[in-house]
Amino acid sequence: MAIRKSNNKLSQPAVLKQIVKRCSSLGKKQGGYDDQEGLPLDVPKGHFAVYVGENRSRFIVPISLLAHPEFQTLLQRAEEEFGFDHDMGITIPCEEVAFRSLTSMLLR
């Protein structure tokens, strides 16, 4: 299952690029960011942060996960439940245990 196109008819790669850009630009006002790149210092290049579970635990995941249909399904659910236009970061509506299990399988 792929990420559906938004109302303004962006292509899937464009939507994924927007998602990653939003992840990468979170909290710029709070410090702890590389001045040249504008990215969080604790998030390595090629990765992004998501928040998972009731406690909103932060996970740093590789961008390569965006290519997996299972992860795209999680992003669809996140968009439907929380939307992407907020300062919290991408929140994944999933239990931490299930998220860890899924990501470990996808990253093999």
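The accessible surface of the protein chain comes to about 7,000 Å², and carbon and sulfur atoms account for 50% of that area. Keep in mind as you read that this is a predicted model. Of the 108 residues in the chain, 37% count as buried. Contacts between residues 24 or more positions apart make up 47% of those with a separation of 6 or more.

Let's trace the chain next. There are three helices and three strands, and from the N terminus on they follow the order α-β-β-α-β-α.

Several of its residues are buried: Phe71, Gln72, Thr73, Leu74, Leu75, Gln76 and Ala78.

In soluble globular proteins, nonpolar side chains tend to be buried together. In this model the largest nonpolar core has 18 residues, and the members touching the most others are Val50, Phe71, Ile92 and Phe99. Two or more residues of this core come from each of strand 1 (47-52), strand 2 (57-62), helix 2, strand 3 (90-92) and helix 3 (96-106). Helix 2 supplies the largest share, with four residues.

Leaving aside residues up to four places away in sequence, Phe71 touches Phe48, Val61, Leu65, Leu66, Phe99 and Leu106.

Which of these side chains also meet as rings? The chain has three aromatic pairs in total. In one of them, Phe48 and Phe71 have ring centres 6.2 Å apart and planes at 75°; an angle over 60 degrees counts as edge-to-face, so that is how this pair is classed. The pair joins distant parts of the chain, with Phe48 in strand 1 and Phe71 in helix 2, 23 residues apart. Phe48 and Phe71 are both buried.

Another pair is formed by Phe59 and Phe99, whose ring centres lie 5.1 Å apart with planes at 55°, so this pair is tilted. Because Phe59 lies in strand 2 and Phe99 in helix 3, the pair ties together parts that are 40 residues apart in sequence. Taken together, ring pairs link Phe48, Phe59, Phe71 and Phe99 into a cluster.

Finally, let's follow strand 2 to Ser57. Not counting residues up to four places away in sequence, Ser57 touches Val50, Tyr51, Val52 and Glu96. With Glu96 there is also a polar contact, side chain to side chain, at 2.7 Å. As for Glu95, its C-alpha is 10.0 Å from that of Ser57, although the two residues are 38 apart in sequence.

Technical notes:
Residues are numbered from 1 along each chain as its sequence is written. This is a predicted model: local features need pLDDT of at least 70, side-chain atom pairs count only at pLDDT 80 or more; totals for chains, interfaces and linings use all residues. Side-chain values use heavy atoms; hydrogens and water are left out. Buried means under 20% relative accessible area, exposed over 50%, partly exposed in between (1.4 Å probe, protein chains only). A nonpolar core is a set of buried Ala, Val, Leu, Ile, Met, Phe, Trp, Tyr and Cys residues joined through side-chain atoms within 4.5 Å. Contact means heavy atoms within 4.5 Å. Accessible areas come from the Shrake-Rupley method with a 1.4 Å probe; for residues, only the protein chains shown count as cover. Rings of Phe, Tyr and Trp (its six-membered ring) pair if their centres lie within 6.5 Å; planes under 30 degrees apart count as stacked, over 60 as edge-to-face and the rest as tilted. A polar contact is a pair of N or O atoms within 3.5 Å; within protein, one must be able to donate a hydrogen and the other to accept it, and residues adjacent in sequence count only if both atoms are side-chain atoms.
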